Amino acid sequence: MTARLILKDVRLDIPIFDVAAQSMRKRVLKWNNRISDGGGGTVIVTALNDINLSLSSGDRLGLIGNNGAGKSTLLRVMAKIYHPTSGSIEVKGKTIPLLDISMGMDDNSTGRQNIRLRGLLLGMTEKELTEKTEEIAAFTELSNYIDLPLRTYSSGMKMRLAFAIATAINAKILLLDEVLGVGDAGFQEKASKRLQSMHDRADIVVLAIHSPDVIRKNCNKVLWLEKGRQKLFGNVEEVLDAYQTHNSKT
C-alpha cells in the first residue's frame, strides 16, 4: 500500500475552561489573535488554522517555526492524537509518532514486560513482539536490569528502553519531534544510527526541528508555521531562505 498523508483546511481549537474572572479573560484575550472568547468563562485557543498539505511515499517534510508556532501540535494532529475542529486529514499507512516515547510504560512492570506493553500500544503484533523482544533488550544495554521493575531504573535507563522499543517498529509514516537525546555519547551515536535506519525504511517522514542543516540533509519539503498558520510550504531552499530572511529582520 502506498503511504499518503493529506491535510485539507485543518483547524484545531483548544478550549481553556474556568477562566472566569473578567479581568483575567481580558488579559488572556489580549495575548494574541489566536485566542477568542468562548463564553461562559471559556476562552478558545486556535492552535492551528488553515493547514493544507499533501505528502506521498518518498516525501520527507521538515517543520519549522519559532517556539509556539504549532509544530508539535501539528504532529499530534497527524498522529490522530488531536482531532481537527474542522477540515479533514487522510492518513494511509502505519503511523508511528516518536513524540512522547515513554507514554504507556509502567513503573511496576519489568523492562521486558514494558517491551510488550509499549509495543502493543504502538501497534506491534504478537509475531513482531516474539521476533523483536530480545533484539530490543540487547540494544538497550541494560543487562540484568531488563528483568527488574522500571521503578529501579534511572531516567536515562528508562529513555533507553523507550527509545529501543519505539524504533524497533517498521513505520510507513514516521513523525519525529526534535532529536532524541538518550544515554551517553557512545549510546547516542548508536541511537542516531538506529533512528536513521528507521527513517530510511519509512515511506513518509515528518520532522520538527530547528536545525536548517538537518532539514537540508534529510528533507525534500518544508512547512513554515507561524502562530498556528501555514506561512509557506514548498521546496527546502525556497522555504528556508524565506524563513531565515524573515528572522533576520525581526
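Predicted model: local features only at pLDDT ≥ 70, side-chain atom pairs only at ≥ 80, totals over all residues.
Me: Where is Arg 194 placed?
Reply: Look at the stretch covering residues 185-201. That stretch is a helix, and Arg 194 belongs to it. The helix is H6.

Me: Is Arg 194 buried or exposed?
Reply: The cut-off for buried is under 20% relative accessible area. Arg 194 comes in at 12% relative accessibility, so it counts as buried.

Me: Which side chain makes a polar contact with the side chain of Arg 194?
Reply: Setting aside residues up to four places away in sequence, Arg 194 touches Glu 135, Ile 136, Phe 139, Phe 163, Ala 164, Thr 167 and Ala 168. With Ala 164, it's the backbone oxygen that sits 2.9 Å from a polar atom of the Arg 194 side chain. The side-chain partner, at 2.7 Å, is Thr 167.

Me: Are H3 and H4 roughly parallel, roughly antiparallel, roughly perpendicular or oblique?
Reply: H3 (residues 111-121) and H4 (residues 126-140) pack with their axes 10 Å apart, at an angle of about 135°. Roughly perpendicular covers 65 to 115 degrees, and roughly antiparallel needs over 145. That makes H3, relative to H4, oblique.

Me: How many residues of the contact of H3 with H4 are charged?
Reply: H3 brings Arg 112, Ile 115, Arg 116, Gly 119 and Leu 120, while H4 brings Glu 126, Leu 129, Thr 133, Glu 134, Ile 136 and Ala 137. Five of the contact residues are nonpolar and two are polar. Arg and Glu go down as charged, and the charged count is four.

How values were computed. Residues numbered from 1 in each chain as written. Heavy atoms only, no water. Helix = DSSP H or I, 4+ residues; strand = E, 2+ residues; numbered from the N terminus. Buried < 20%, exposed > 50% of the residue type's maximum accessible area, 1.4 Å probe, protein only. Polar contact = N/O pair within 3.5 Å; in protein donor to acceptor, adjacent residues only side chain to side chain. Contact = heavy atoms within 4.5 Å. Axes fitted to C-alpha atoms, helices over the stretch in contact; angles between N-to-C directions. Parallel < 35°, antiparallel > 145°, perpendicular 65-115°, else oblique.
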